[in-house]
Amino acid sequence: MTPSNAEIANDASPNWGRYLLSHLREYGLLFALIAIMVFFQVVTDGTLLKSVNITNLFLQNSYIIIMALGMLIVIVAGHIDLSVGSVMGFIGAFAAVLVVQWELPVALAIPVCLALGALIGAAQGYWVAYWQIPSFIVTLAGMLIFRGLSLWLLEGQSVGPFPKEFQALSTGFIADFIPAGVKDTLAGLFGVKRLNAGALFFGIIAAFIVIWLNMRKRQQNIHYGIQEEPAAFFIVRNVIVAGALLFVVYKLATFRGLPNVLITMTVLTVVYAFITERTTLGRRIYAVGGNVKAAKLSGIKTERLTFLAFTNMGMLAALAGLIFAARLNTATPKAGFAVELDVIAAVFIGGASMAGGVGKIIGAVVGAFIMGVMNNGMSIMGIGIDYQQVIKGLVLLAAVIFDVYNKRKQG
Amino acid sequence: MSTLLQMRGITKVFPGVRALNNVSISVEMGEIHALVGENGAGKSTLMKVLSGVYPSGSYDGSILFDGQQILLSGISDSESLGIIIIHQELALVPLLSIAENLFIGNEIAKAGVINWREVYQRTEKLLEKVGLDERPATVLGKIGVGKQQLVEIAKALAKDVRLLILDEPTAALQENDSQNLLQLLLELKSQGITSILISHKLDEVRQVADRVTVLRDGATVSTLDCRTTSISEDKIVQDMVGRDLSQRYPEHQRTPGELLMQVKNWNVWHPDHAERQVIKDINFTVRRGEIVGIAGLMGSGRTELAMSLFGKSYGRAISGEVLVNGEPVKLDTVDQAIAAGLAYCTEDRKELGLILDDPIVSNITLANLAAVADGGILNTAEESRVAEQYRRTMNIRTPTVFQRVLNLSGGNQQKVVLSKWLFADPQVLILDEPTRGIDVGAKFEIYSIVNELAADGRGVLMISSEMPELLGICDRLYVMSEGRLVGEMNAADASQESIMSMIVSE
């Protein structure tokens, strides 16, 4: 019918080089994460992948990852939010006032804090969406305002400690449901002192689900003639992902099990990945970021979507603020300082485009992990905060240059 | 009288298109030389060759200025010779003062320090020369478009202009501003400044031009001397459109049905210039199964009419009434317009029609996502099936529908835009320049699709600058000029000459 049919036929034969070239970004990200982990594992004499450190990695970075989910959506919609660090600090302070000073029940304080976060996001989104004020400026103002309000709220002091049930937001672990007898047998089998078998069970299920979803996706792609990933790549990629998953879960299981934040984070990641990739809402947000005029002329309510993106960001920043305060077990006026930069960096390392319309949730999460592993690894190595900043800056620059270079080469 | 400029045998080829074919033009010292032709006849390309936008070597032929052969490598070369173009879209900075605008890039300065005293003195002299009574420090954005046009001319004079080229200078002007401008041209001529005037308004051309060169399809048709003999507008029009219908159009036989859409007393004002009315009291109808054309030149308000109807996407203070199937409909937002059964295929598919970074499939479903979703969750299998179906029926040439739209040719991109709007299942489809920038073969395919739409019982409103195209596929035509519908005729009774004379007689 058309000459392009011949091309399809050619594509069917394994053309690894070309496939790799056109998907360099996705593989690059995965390999960058692995390379960085291997590097730090070696230079820290194996400290990086110790059970306790892996647990720490999740606890330390959960709030960054949670905010990166919201930030990805804001950036895909063609905007930016500089206020998230301040909002996060402010909500932590607000929670301290509610829970510690006013002694409000935690079950009430948490929804109130999340609602306040959403309200703050909505207030900023309103000016961006309906008044077309650049988001850079609106959220820069928000950054100053909420930094100031946190100081005012806490009167410059740290407030704490929080009650146990509030701390559980961050430092809690999922209780093991496997009976002690079975557990001890398994522990003996693995040759470890203790084992959270429930965690291991969840991990195995999760690995199977991931592989099953990937296989389903691959079948669909083949059915619709989307450029097909060579089988070898597919297998290697899945082995790495499932292997890493099992490894991490095993490590966690031999320490204290699955942290609550890990569950929160995983659930949110799955939910947001689903929203962005499989719902009309998500599709429309990409359209707005890709070409706002064309989206508008297609009947999409572009203003409302922008407004929602910021509202959602505010809510996630509030959740991050709660988790952060729970982890420190105190609210301090400095909480969340400059965190917005880590969040934004994570999203761009994860492949989002400054121009909007491009980016994936999973990319932002991996980007956040890359930042997190570097922070953690460099701290273990005892590298000063001065060099740490320089190195993180260079990594961000390299990631973006790599993106632009790639795009140019593909034309 | 000696010759100032001679362009000989200019041929400029773009990939797939011969924009200029052996064009020659000569301009005498001290004359006003008009250049006329339809949209796409090659006027702008010729002027871009002359001003160095297309550097020497990128075209064939030679340019003699003052008897010397010149080789231009950029605009700065032509400007240093005194060849200055004033484009339709003014190249002025609205937030700077008149004086600052006059000397932009040409500042009166020593070692980078501007001599404001001299700037203001010279500005006053220049403004006096063009008859503009404004203070040099006035911010440009505060004065009207007509006065801004005069500032552009003063800016040219500040550069010691020898050949002034004006591209549609009166297109955006009111009647008395236009007259002022034409008087100024005659005044400059008496001071010895030569000019080339590009215009669609033949009455203006006859008023000021000494000679007229007519371009058609990238070639010189004639050069008429207005000084010795009186040249009628009819003669010019005939030369402008005089090609035979060499393009082919699909066969069609239609009998339009009942009234589908009625637009009554539609008025629209410019979004930025509160005093400019862009659409003036327009009334028209579209029947079921009918293809209605809107003829007119660029800038006559056709796109503005369409976009103001489609969810008030253009303009402000919009008034008027629209009836679909005899019922009044609300068209305040785009989704209301879509719900009322309208669709608008933009003339600017890259800027307004497509998400270029996204694949074909998500572009096609964008205006009707609800149809491939269940409770807000996309059914991607159904979505792919829909896109695949359009790929086949519209013959979109691509290996898969997951290809990014960016990688498609113009004609295939246009088919994606059409597919998007067909999937929204409209009753009235407004097509704005649907064949702009696409090759002849793809054009034929687009015409066939439009025919099928009408055969389905939909109404089509087609805006086009190509008159043969309108005559070839429409049932009925409206002629638009300066924001008004100035005529209506059956396509069978119309000719390019009759349309053009309606436009230019306004």
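## Domains, a helix pair and a strand pair

Chain A is divided into domain 1 (54–168 + 261–411) and domain 2 (173–258). The model is a predicted one. The centres of the two domains of chain A, taken over C-alpha atoms, are separated by 28 Å. Domain 1 of chain A gives 4 residues to the contact, and domain 2 of chain A gives 7 residues. On the domain 1 side of this contact, helix H4 (51–76) and helix H12 (260–278) of chain A each supply at least two residues. By class, that side has 3 nonpolar, 1 polar and no charged residues.

A helix pair in chain A comes next. Two packed helices are described by the angle between their axes and the distance between the axes. Helix H13 (residues 280–290) and helix H15 (residues 302–328) of chain A pack at an angle of about 105°, and their axes are 10 Å apart. Angles of 65 to 115 degrees count as roughly perpendicular, so H13(A) is roughly perpendicular to H15(A). The residues in contact are as follows.

| Helix | Residues in the contact |
|---|---|
| H13(A) | Arg284(A), Ile285(A), Val288(A) |
| H15(A) | Thr302(A), Leu305(A), Thr306(A), Ala309(A) |

By class, the contact of H13(A) with H15(A) has 4 nonpolar, 2 polar and 1 charged residues.

In chain B, strand S6 (residues 83–86) runs parallel to strand S9 (residues 163–167), and 4 bridges join them.

Notes:
Residues numbered from 1 in each chain as written. Chains lettered and ligands numbered in written order. Predicted model: local features only at pLDDT ≥ 70, side-chain atom pairs only at ≥ 80, totals over all residues. Axes fitted to C-alpha atoms, helices over the stretch in contact; angles between N-to-C directions. Parallel < 35°, antiparallel > 145°, perpendicular 65-115°, else oblique. Contact = placed C-beta atoms within 7 Å. Nonpolar A, V, L, I, M, F, W, Y, C, P; charged D, E, K, R; others polar. Pairing = 2+ DSSP bridges. Domains from an automatic or database assignment.
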